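Dear colleague,

Please find below the structure that I am handing over to you.

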Amino acid sequence: MVQSINTKVDLTIDATAFTGLTDYGKILIGDNGFEFFNSRDVRKYIQIPWEEVDQVIASVMLKGKWIPRYAIKTKRNGTYTFSSKRPKEVLRAIRVYVDPADMVPSLSFFDVLKGSFKVMFQRKKKKK
């Protein structure tokens, strides 16, 4: 059995982790970190201490009315994407432990298109 890194749990909620294949389980947000435990396989879990969290990226749609998924970008191990039934509650619980300046919305569809067009039509600098 996996040992939790939290001593006090603020929020427990059903969630989905997008790690290659979709994993269903529970998210635990507590005083020491963010945890995801798979409901079927005990060996599949994600534990992220608050010191390792670099940014929390939320996919915001319909002017903030709907948040389909959110991601936690760590300092060393990459980005983990999750979704849950009540994502606003999860993000509010995370905001207690993570600086609100590190909680950012993801790029919109048109921002991604604009960036790709800039790259496509940018002139390459000649090497001397």
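Phenylalanine 82 has a relative accessibility of 0% and therefore counts as buried (under 20% relative accessible area, with exposed over 50% and partly exposed in between; 1.4 Å probe, protein chains only). Please note that this is a predicted model, in which local features need pLDDT of at least 70 and side-chain atom pairs pLDDT 80 or more, while totals for chains, interfaces and linings use all residues. Residues are numbered from 1 along each chain as its sequence is written, and side-chain values use heavy atoms, without hydrogens and water.

There are 5 aromatic pairs (ring centres of Phe, Tyr or the six-membered ring of Trp within 6.5 Å; planes under 30 degrees apart are stacked, over 60 edge-to-face and the rest tilted). One of them joins phenylalanine 34 and phenylalanine 82, a tilted pair at 4.9 Å centre to centre with 55 degrees between the planes. This pair links distant parts of the chain, 48 residues apart: phenylalanine 34 lies in strand 3 (residues 33-38) and phenylalanine 82 in strand 7 (residues 79-84). Strands are DSSP runs of E with at least two residues, and helices are runs of H or I with at least four, numbered from the N terminus.

Phenylalanine 36 and phenylalanine 82 also form a tilted pair, because their ring centres are 5.8 Å apart and their planes stand at 45 degrees. Phenylalanine 36 is buried, with a relative accessible area of 1%. Phe34, Phe36 and Phe82 together make up one aromatic cluster.

Elsewhere, arginine 92 belongs to helix 1 (residues 87-97) and is partly exposed, at 47% relative accessible area.

Yours sincerely
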